[in-house]
Amino acid sequence: MEFDYIIVGAGSSGCVLANRLSSNKKVSVAVIEAGGKDSSPWIHIPIGYFRTINNPSVNWMYKTEKDPGLNNRSINWPRGKTLGGTSSINGLLYVRGQQQDYDGWAQRGNSGWSWKEVLPYFKKSENWKGPHSIHRGSSGPLKINQPDVTWPIVNAWVEAAQKEGFSYNDDYNSGDQEGVGFFQQTADRGLRCSTSKAYLKPIRQRKNLKLFTHTLVKKIILKDRKAIGVLTEKGSTEKYLLAKKEIILSAGSIGSPQLLMVSGIGNAKELKQHGIDVKIDLKGVGKNLQDHLQARPVYKVKVPTINTKTRGIWNLISIATQYAFRRSGPMTLAASLGTAFLKSRPELSNPDIQFHIQPLSADDPTIELHNFDAFTASVLQLRPQSTGEILLKSSNIRDYPAIHPNYLSDPVDQKTIVEGIRIARRICRQSPISEMIKSEYAPGPEVKDEDYQNLLNWARETSTTIYHPTGTCKMGKDSMAVVDHNLNVRGIKNLRVVDCSIMPQIISGNTNGPAIMIGEKASDMIIKNEKLT
């Protein structure tokens, strides 16, 4: 089977590529997705991420190796395995990042990736339902809303943060991120707006678009340093798909580097250890892994929260009825409601920490909520200095790679996470939130603000990912760069990577919006190249 373009992965970037490239009726496009259709109702109901986060039918269910920075804990790394990818199972939060993030990419030699140059692609994707703004797009496929649901405890936190001296920001995506406010979410009339729903569903009937589901790409086929096709497997059947123009990897920050490596593209020394025939010695494949690590202070409160509002049959019936008839209520909740982008130190030029304020709490947010009323003031460092790596365990694509995040290995990261916890506590001492709090559940009053080492150890013992792996096929000009500024894999013709793995530095915030922007910008590059040829 032969196509002009083969896209590996129908996720946050892959669905965008499928839509934009197949708009030209003269080209044929194949999209290969290892997972199945996004037919589960829990994908489309916003609160359903509590179900999908542990569901292997729509989730790769990765786990990290034991990490020294987390006191040798291994943690879950969920990634989407269905149409829409992680945009189908994430917390629906929409964040672009800071202008300085993208200007920093450009300053590293990645021409075309400054804030001014990526902004049109953010706007192109957006169907922003909030107040009109010259900074926002209003005619794109991706529905973005301000939340319909409010929660008293979250409102009180936002007010308390302002009393602590932090400014209110009604649109952190306007170009100025700093301040406190409320999350925007990728939702439409009480339903998730994934990239499958926004970009893929409207064009599924195009005759020049072929979608393969439950199909694993085992290897990229290379000939004379040129990508010419892929070997796929569905059940027990293997097939070759050939690409006349390009193969585009959109398999994510774990899947894309793994596929490159098993195909012979990566660190030659490491590939040889697994008996892989080295095609291109690219030492940066799988390196530069970055993620956002969240510490989760929890406060017991005197007012109702999701913890108890979802207990008991009558509460559940009421919530289900509210959603069924009005598409409103707790079932429309994104993963967090309140947010803040703040500076951990006054001398910084832009925010370096982010808060996710949730009207719920749990020892493990993927398992079970506490049986008492509480809220969580999750805090993370926006631009960690610590980097990790993805390493093969074997030459078989079905064997998950070893994920080494290397969290909190840098002293700057350690200081920032501790200061973030201290800021969370300072805000919670302000009214009106202070009047609602019974006690601090975690870290707990026995761990004092001035006790740096115990605060850091609590973070090591309890922190977890907030699901933003990036950087493992980084864009750049240095010896560790995997792709150039046009996202072409270095040393290989007709092969690109288009997903969050290309980020040279993780952006300051949630990564789904930037993944979609990357898909839009790459599509434009490819279409312009198509016209030239």
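Modeller: Gladly! Let's begin with contact, which means heavy atoms within 4.5 Å. Helices (H or I, at least four residues) and strands (E, at least two) are DSSP runs, numbered from the N terminus. This is a predicted model, so local features need pLDDT of at least 70 and side-chain atom pairs count only at pLDDT 80 or more, while totals for chains, interfaces and linings use all residues. Residues are numbered from 1 along each chain as its sequence is written, and side-chain values use heavy atoms, with hydrogens and water left out.

Biologist: Which residues of α4 and α5 meet?

Modeller: From α4 come Gln99, Tyr102 and Asp103, and they meet Trp115, Val118 and Phe122 of α5.

Biologist: Why is α4 called oblique to α5?

Modeller: Helix α4 (residues 99–107) packs against helix α5 (residues 115–125) at an angle of about 120 degrees, and their axes are 8 Å apart. Axes are lines fitted to C-alpha atoms, for helices over the stretch in contact, and angles run from 0 to 180 degrees between N-to-C directions. Angles under 35 degrees count as roughly parallel, over 145 as roughly antiparallel, 65 to 115 as roughly perpendicular and the rest as oblique. That is why α4 is oblique to α5.

Biologist: How does the contact of α4 with α5 divide by class?

Modeller: It has 4 nonpolar, 1 polar and 1 charged residues. Here Ala, Val, Leu, Ile, Met, Phe, Trp, Tyr, Cys and Pro count as nonpolar, Asp, Glu, Lys and Arg as charged, and the others, Gly among them, as polar.

Biologist: And what makes α12 roughly perpendicular to α14?

Modeller: The axes of α12 and α14 cross at roughly 100 degrees and come within 9 Å. Therefore α12 is roughly perpendicular to α14. Residues of α12 including Ile417, Val418 and Ile421 meet residues of α14, among them Leu455, Leu456 and Trp458. By class, the contact of α12 with α14 has 8 nonpolar, 1 polar and 4 charged residues.

Biologist: Arg460 is next on my list. Is Arg460 buried or exposed?

Modeller: Buried means under 20% relative accessible area, exposed over 50%, partly exposed in between (1.4 Å probe, protein chains only). Arg460 has a relative accessible area of 15%, so this residue is buried. Arg460 is part of helix α14, and beyond residues up to four places away in sequence it touches Pro68, Gly69, Leu70, Asn71, Arg73, Leu408 and Gln414. The side chain of Arg460 also reaches the backbone oxygen of Gly69 at 3.0 Å.

Biologist: What makes the link between His370 and Asp363 a polar contact?

Modeller: A polar contact is a pair of N or O atoms within 3.5 Å; within protein, one must be able to donate a hydrogen and the other to accept it, and residues adjacent in sequence count only if both atoms are side-chain atoms. The side chains of His370 and Asp363 make such a contact at 2.9 Å. His370 sits in the loop between β19 (353–358) and β20 (374–381), and at 7% relative accessible area it is therefore buried.

Biologist: How do you know that Val301 is buried?

Modeller: Its relative accessible area is 3%, so Val301 counts as buried. Val301 lies in strand β17 (residues 298–301). The C-alpha atoms of Val301 and Asp373 are 5.7 Å apart, although 72 residues separate them along the chain.

Biologist: How do you know that the span of helix α11 agrees with its 14 residues?

Modeller: The expected span of a helix is 1.5 Å times one less than its number of residues. For α11 (residues 313–326) that should be 20 Å, and the end C-alpha atoms are 20 Å apart, so the two agree. Arg327 follows α11 and has a positive phi, near 50 degrees.

Biologist: Why single out residues by phi or by peptide bond?

Modeller: Because most residues other than glycine have a negative phi, and most peptide bonds are trans. Asn406 has a positive phi of about 65 degrees although it is not a glycine, and Leu408 has a positive phi near 55 degrees. Asn406 is partly exposed, because its relative accessible area is 34%, whereas Leu408 is buried at 6%. The peptide bond from Ser431 to Pro432 is cis, with omega near 5 degrees. The bond from Ala442 to Pro443 is cis too, with omega near 5 degrees.
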